[in-house]
Amino acid sequence: MRRKFQLCVRDVLFDKLTRRVKPDATHAVWLLFAALALVAALAQLGEPGFATIWDDALFFERTAYNVVHHGFAGWNQSDGPVFVNTSQLYQVVTVGLFLAAPKYFGAVTIFFGWACLVAMFAVLLRGWSSLAASLVVFAVMTSPPVFFAMSTGMETALALLVLAAFFTRVLNREVPLAEQVAWQLLIFLVRPDALLLSMTCA
């Protein structure tokens, strides 16, 4: 009798946690994360709209400045073009961000990181409609290493988004070889050492 009761409780709880629910439930969790992350991003802004980012992120800013004003990707104009950053793709992004708001580079990189994390949350929820799944993703996304990736001004948030999209695409499904190669190239451009993760699914 006790065993039957335990099985009944287990089945009921399992059903409650995994049953499919209306998209509104998962959307609400996604919107909650987006709002919390936005508050954290706004809290990092100073006056009037400046933001403090990591020192390493200033490499991207200086290189973007030189691309825009001197036409080369490098640290010093006299040195000529040199590879100085950890992400070639993010350097291209930061050139665009610098063009859009040269006086507020730190702020726009933080909001770009915010957009990457919000998009990453949506990617991870793709195809999932259980409330339990969305809560698990919420817990992962609000963990400090992930949540504060947007505050660095570095490529971390973009790299996490690309990796999330890659693993969502390739896990449990067949992916053509040409597409796999394209994904690996994209991951290399966003963060070369991230290939150590993506190559496990190659």
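Predicted model: local features only at pLDDT ≥ 70, side-chain atom pairs only at ≥ 80, totals over all residues.
Local features need pLDDT of at least 70, side-chain atom pairs count only at pLDDT 80 or more, and totals for chains, interfaces and linings use all residues. Residues are numbered from 1 along each chain as its sequence is written, and side-chain values use heavy atoms, with hydrogens and water left out.

**View 1. Leu117 in the largest nonpolar core.** This core has 46 residues, and Phe33, Leu117, Phe121 and Met141 touch the most other members. (A nonpolar core is a set of buried Ala, Val, Leu, Ile, Met, Phe, Trp, Tyr and Cys residues joined through side-chain atoms within 4.5 Å; buried means under 20% relative accessible area, exposed over 50%, partly exposed in between, using a 1.4 Å probe and protein chains only.) Skip the neighbours within four places in sequence, and Leu117 is still in contact with partners including Phe33, Met141 and Phe147; contact means heavy atoms within 4.5 Å.

View 2. Say hello to a salt bridge network joining Glu155, Arg191 and Asp193. (A salt bridge is a side-chain nitrogen of Lys or Arg within 4 Å of a carboxyl oxygen of Asp or Glu.) The closest N and O atoms are 2.4 Å apart for Arg191 and Glu155, and 2.7 Å apart for Arg191 and Asp193. Glu155 is buried at 1% relative accessible area, while Arg191 is partly exposed at 27% and Asp193 is partly exposed at 41%.

**View 3. Arg169 meets Glu179.** Here's another salt bridge, with the closest N and O atoms 2.8 Å apart. Both ends are partly exposed: Arg169 has a relative accessible area of 25%, and Glu179 has 22%.
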